[in-house]
Amino acid sequence: CSSTEIKQLLILRDYQEVINYSFVDAEWELDFVGNSKPITLKNPIASQMSVMRSTLIGGLISDLQFNLNRKQTRVRLFEMGCCFIRDDANDCKQMEKLAGLSYGDIASEQWGISARNADFYDIKADMEILYRNQAIHFKKFSHPALHPGKSAEIYIEDKSIGWLGELHPRWQKKYGLQ
């Protein structure tokens with residue numbers, strides 16, 4: 001799928017697109033990917049925007065906090081954006097990534113559907129629809145941002161393309177998402 005088709009599929013699944021800065025808080029890099037040596041900016045525009053992101057998670061968590069502070073009970077967001085990592089030669093490398101977040105009820109409040117929170121399997125179903133024409137499968141996986149036992153690595157054929165899971169309870173508590 002092209003990036004436009006992926007965005008359209010996510011919008012049809014009731015996700016809202018967000019666009020965040022590529023400059024993030026160094027603490028996000030440490031918390032969400034265990035990156036203790038992120039690419040540091042020489043002249044950051046703000047102290048909380050001092051490194052280049054290697055993941056989109058921090059921005060999505062910040063967007064979720066923004067929505068929760070405004071009493072939103074159902075939040076479904078995605079971002080497709082550039083992330084920055086160091087390669088083996090210690091050069092900076094830019095790559096486009098996709099990330100999504102689902103919080104709260106699985107569907108908007110309505111009389112015909114019982115209220116229940118979105119879970120791991122709902123997000124897994126979203127991924128299966130997104131990659132419906134490919135041989136997608138999931139394997140147990142451990143990631144610093146995710147709940148142990150409620151996370152998986154995503155594969156297309158034998159190639160790892162990412163991961164999914166519930167945010168680790170430690171980060172839920174730290175970022176006020178409980």
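Modeller: A residue is called buried under 20% relative accessible area, exposed over 50%, and partly exposed in between (1.4 Å probe, protein chains only). The model is predicted: local features need pLDDT of at least 70 and side-chain atom pairs count only at pLDDT 80 or more, while totals for chains, interfaces and linings use all residues. Residues are numbered from 1 along each chain as its sequence is written, and side-chain values use heavy atoms, with hydrogens and water left out.

Colleague: Is aspartate 126 buried or exposed?

Modeller: The side chain of aspartate 126 meets that of arginine 13 in a salt bridge (2.6 Å, N to O); such a bridge is a side-chain nitrogen of Lys or Arg within 4 Å of a carboxyl oxygen of Asp or Glu. The pair links distant parts of the chain, with aspartate 126 in helix H4 (residues 120-130) and arginine 13 in the loop between helix H1 (3-12) and strand E1 (16-17), 113 residues apart. Helices (H or I, at least four residues) and strands (E, at least two) are DSSP runs, numbered from the N terminus. Arginine 13, at 31% relative accessibility, is partly exposed, whereas aspartate 126, at 7%, counts as buried.

Colleague: How many residues apart are arginine 53 and glutamate 79?

Modeller: Arginine 53 and glutamate 79 form a salt bridge whose closest N and O atoms are 3.0 Å apart. Both arginine 53 and glutamate 79 are buried. Arginine 53 sits in the loop between E3 and H3 and glutamate 79 in strand E4, so described as a link between distant parts of the chain, at a separation of 26 residues.

Colleague: Which element gives the most to the largest nonpolar core?

Modeller: A nonpolar core is a set of buried Ala, Val, Leu, Ile, Met, Phe, Trp, Tyr and Cys residues joined through side-chain atoms within 4.5 Å. The largest has 21 residues, and Phe32, Ile61, Tyr175 and Leu177 have the most contacts inside it. Two or more residues come from each of helix H2 (26-33), helix H3 (57-69), strand E4 (74-86) and strand E5 (92-104). With five residues, the element that gives the most is H3.

Colleague: Why does serine 50 count as buried?

Modeller: Serine 50 is placed in the loop between H2 and strand E3 (51-52). Leaving out residues up to four places away in sequence, serine 50 is in contact (heavy atoms within 4.5 Å) with Val24, Ala26, Ile39, Thr40, Leu41 and Pro44. Serine 50 counts as buried because its relative accessibility is 17%.

Colleague: What is the relative accessible area of isoleucine 45?

Modeller: Isoleucine 45 also belongs to the loop between H2 and E3. Isoleucine 45 is exposed, with a relative accessible area of 63%.

Colleague: What is the radius of gyration of the protein chain?

Modeller: The secondary structure comes to five helices and eight strands. The radius of gyration is taken over C-alpha atoms, and the globule rule is 2.2 Å times the number of residues to the power 0.38. That rule gives 16 Å for 178 residues, so the chain is as compact as a globular protein of that length, its radius of gyration being 17 Å.

Colleague: What share of the 178 residues is buried?

Modeller: Along its principal axes the C-alpha trace spans about 55 × 40 × 30 Å. Of the contacts with a separation of 6 or more, 53% join residues 24 or more positions apart. Among the 178 residues, the buried share is 38%.
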